[in-house]
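Hello,

Here is the structure I said I would pass on. My notes on it follow below.

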Amino acid sequence: MISALHSEAFGVYVHWPFCLSKCPYCDFNSHVRHAPIDEDRYARAFAREIATSAARVPHREVTSIFLGGGTPSLMRPKTVGAILDAIGSNWRVASEVEVTLEANPTSVEATRFAGYRAAGVNRVSLGVQALDDASLKTLGRLHTAREALDAVAIARRSFERYSFDLIYARPDQTPQLWGEELKRAIGEAAEHLSLYQLTIEEGTPFFGLYAAGKLRTPNEATARALYDVTQEVCARYGLPAYEISNHAREGAECRHNLVYWRGEEYAGIGPGAHGRLDINGTRHATATEKRPEAWLMRVEANGHGVITNDVLNSVERADEFLLMGLRLVEGIDPGRYAALAGRPLNPRRIAMLREEGAIVVDGDGRLRVTQAGFPVLDAVVADLAA
Ligand SMILES: C[S@@+](CC[C@H](N)C(=O)[O-])C[C@H]1O[C@@H](n2cnc3c(N)ncnc32)[C@H](O)[C@@H]1O
Ligand code: SF4
């Protein structure tokens, strides 16, 4: 069970929207710019948007900060320091705050790790993606497996905590090869791994290749076998799943991502960042302008780049709670769902899904998705929410 089941968490997400090149599978809000980025100007804009956001939700204690991207490890440590200072001068910050920075594992970026550490980052999440060079090439990555492992070693020396990401269900990947790769990865990962099944996102170059029959991804049965290998190997080597794609030793879960999955509050800062803020008893879903330069201009003119600020009604709020919470192995408290929705979950649907083995209800009443249910999580959520 995950420790620290408290409800006072408040996260701050900061989005850095630039990358050196665009990976062919990625549909994140990331952009390649050939002219140099004016980091000082961005740092000032981040500080302004942080101040505006803090004025909306002033009495919070920040328990986690996540610098995501894009490629935040392209920022100078000084820029990261300025962002963290701005957060610290607008909100109270918990003494045990988790400060994660997403980094690409190239040698250039690893040289900045000491600077990030000095700026206040205490956890890095590295986008390793694969441990063999052929796969890295297919994925369009700019680093080799050796370089990635060297960056992991530097991360291990520089930070109290680190994690890395791998993508599986890659073209031509067999369960046996994946099992071997995963064991090597676990040997390198101290406490946390994120393991994502390759998704073919519409609008990406992989989508075009896939549609043209030039990208062979594993079929459903192989994808299922790859998922099962993931669960087995990780559990056997001490990194059980705590979320559908995330594995950790007990107590080493990413506290920031738990804020999202547990339906807690967070501010979204930077281009294309999302937030969930509780204001006067209602939950606001915020989103900022995605295009970096347009975001910059909005912040300079108005103090923020928010272009969407929807008040969620009780059904939307409850559905989101279900959708996010069921991703976690700890599951949800059906009582909280009922309080949010104004009605309980349908007992007939619960009974049906239990019978199918997709969910269980624990002795303490928590409702959880089983290992057999996770591969069909979307259908389970849809059934319960209907
Ligand atoms: C914001 S991205 C990346 C961080 C960093 N820019 C990098 O690439 O190393 C977070 C993670 O999402 C995963 N990811 C991105 N697109 C994906 C896709 N189409 N399918 C599966 N995983 C994906 C990758 O593992 C990636 O590390
Ligand atoms: S996967 Fe990471 S490096 Fe590649 S384009 Fe997406 S955000 Fe940038």
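This is a predicted model: local features need pLDDT of at least 70, side-chain atom pairs count only at pLDDT 80 or more; totals for chains, interfaces and linings use all residues.

Ser89 counts as exposed because its relative accessibility is 60%; exposed means over 50% relative accessible area, buried under 20%, and partly exposed in between, with a 1.4 Å probe and protein chains only. Ser89 lies in helix H2 (residues 77-90), where helices (H or I, at least four residues) and strands (E, at least two) are DSSP runs numbered from the N terminus.

Residues are numbered from 1 along each chain as its sequence is written, chains are lettered from A and ligands numbered from 1 in the order in which they are written, and side-chain values use heavy atoms, leaving out hydrogens and water.

Salt bridges come next. With a salt bridge taken as a side-chain nitrogen of Lys or Arg within 4 Å of a carboxyl oxygen of Asp or Glu, the count comes to 24. One of them joins Glu293 and Arg33 at 2.7 Å, N to O. Glu293 is in helix H11 (residues 292-302) and Arg33 in the loop between strand E1 (10-16) and H1, so this pair links distant parts of the chain, 260 residues apart.

Arg76 and Asp40 also form a salt bridge, at 2.9 Å, N to O. Arg76 sits in the loop between strand E2 (61-69) and H2, and Asp40 in helix H1, so the pair ties together parts 36 residues apart in sequence. A network of salt bridges links Asp40, Arg76 and Lys78.

Glu39, in helix H1 (residues 39-56), is buried but has no salt bridge; Arg76, the nearest side chain of opposite charge, is 4.2 Å away. For charge, Lys and Arg count as positive and Asp and Glu as negative, with His and the chain ends not counted. The side chain of Glu39 does make a polar contact of 2.5 Å with that of Thr79; such a contact is a pair of N or O atoms within 3.5 Å, and within protein one must be able to donate a hydrogen and the other to accept it, residues adjacent in sequence counting only if both atoms are side-chain atoms.

Finally, the buried residues of helix H12 (residues 314-325) are Arg317, Ala318, Phe321, Leu322 and Gly325.

Regards

Definitions and conventions
The expected span of a helix is 1.5 Å times one less than its number of residues.
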